[in-house]
Amino acid sequence: MTTEMTTRVHAFGDDALGDLDTVGVAAAIASGAISAREATEAAVRRAERVNPVLNAIQHSDFDRGLAASERSAEGVFAGVPTFLKDNTDFAGLPSDQGSLAVKSRPAAANSPFTDQFLYELEAAQPFDKIQG
């Protein structure tokens, strides 16, 4: 059985993210062309615009992402907003293990993967968990 998508949707717009990829956003933040807050606000608006069609965001945490965008950080991807799939535990957010068949439960702590992910990105703004 195939499902045909009848609604086309895209997130590109005239905002702080423009048509940049992750490396471009990181470079724009590092150079001061945009702030981490501006990038995160644009990412939130884009996510809110496309999610009603895509239904990809299971548990949003935009407030935490926006708050994190105000903190200074160092690292190649510092300040770049990102998503974290809900099959890994992120402290305080429900974890569905990527499946609607699993009952949501708030994670008591980060999984080792989440800690590694956050360490590697050093202050990226993970503000959502993506549905499986």
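**A guided reading**

Modeller: Helix H2 bends by about 25 degrees at glutamate 48, and proline 52 follows within four residues. The bend at a residue is the angle between axes fitted to the seven residues ending there and the seven starting there. Helices (H or I, at least four residues) and strands (E, at least two) are DSSP runs, numbered from the N terminus. This is a predicted model, in which local features need pLDDT of at least 70 and side-chain atom pairs count only at pLDDT 80 or more, while totals for chains, interfaces and linings use all residues. Residues are numbered from 1 along each chain as its sequence is written, and side-chain values use heavy atoms, with hydrogens and water left out.

Colleague: What span does H2 reach from its first C-alpha to its last?

Modeller: The expected span of a helix is 1.5 Å times one less than its number of residues. H2 has 19 residues and reaches 25 Å, close to the 27 Å expected.

Colleague: Which residues make up the largest nonpolar core?

Modeller: In soluble globular proteins, nonpolar side chains tend to be buried together. A nonpolar core is a set of buried Ala, Val, Leu, Ile, Met, Phe, Trp, Tyr and Cys residues joined through side-chain atoms within 4.5 Å. Here the largest consists of eleven residues: Leu17, Val25, Ala26, Ala28, Ile29, Ile34, Ala36, Ala39, Ala42, Ala43 and Val80. Helix H1 (22-31) and H2 each supply at least two residues of this core.

Colleague: Against which helix do the buried residues of H1 pack?

Modeller: They pack against H2. The buried residues of H1 are Gly24, Val25, Ala26, Ala28 and Ile29. At the start of H1, a side-chain oxygen of aspartate 21 reaches to within 3.2 Å of the backbone nitrogen of valine 23. Just after H1, glycine 32 takes a positive phi of about 85 degrees.

Colleague: Is arginine 46 buried or exposed?

Modeller: Arginine 46, found in helix H2, counts as buried because its relative accessible area is 9%. A polar contact is a pair of N or O atoms within 3.5 Å; within protein, one must be able to donate a hydrogen and the other to accept it, and residues adjacent in sequence count only if both atoms are side-chain atoms. One of 2.8 Å joins the side chains of arginine 46 and aspartate 15. Leaving aside neighbours within four places in sequence, arginine 46 is in contact (heavy atoms within 4.5 Å) with residues including Phe12, Asp15 and Leu17.

Colleague: How many aromatic pairs are there?

Modeller: Rings of Phe, Tyr and Trp (its six-membered ring) pair if their centres lie within 6.5 Å; planes under 30 degrees apart count as stacked, over 60 as edge-to-face and the rest as tilted. By this rule there is one aromatic pair. Phenylalanine 113 and phenylalanine 117 are stacked, at 5.9 Å centre to centre with 25 degrees between the planes. These two phenylalanines are separated by about one helical turn, because they lie four residues apart in helix H4 (residues 112-121). Phenylalanine 113 is partly exposed at 49% relative accessibility, whereas phenylalanine 117 is buried at 18%.

Conventions: Buried < 20%, exposed > 50% of the residue type's maximum accessible area, 1.4 Å probe, protein only.
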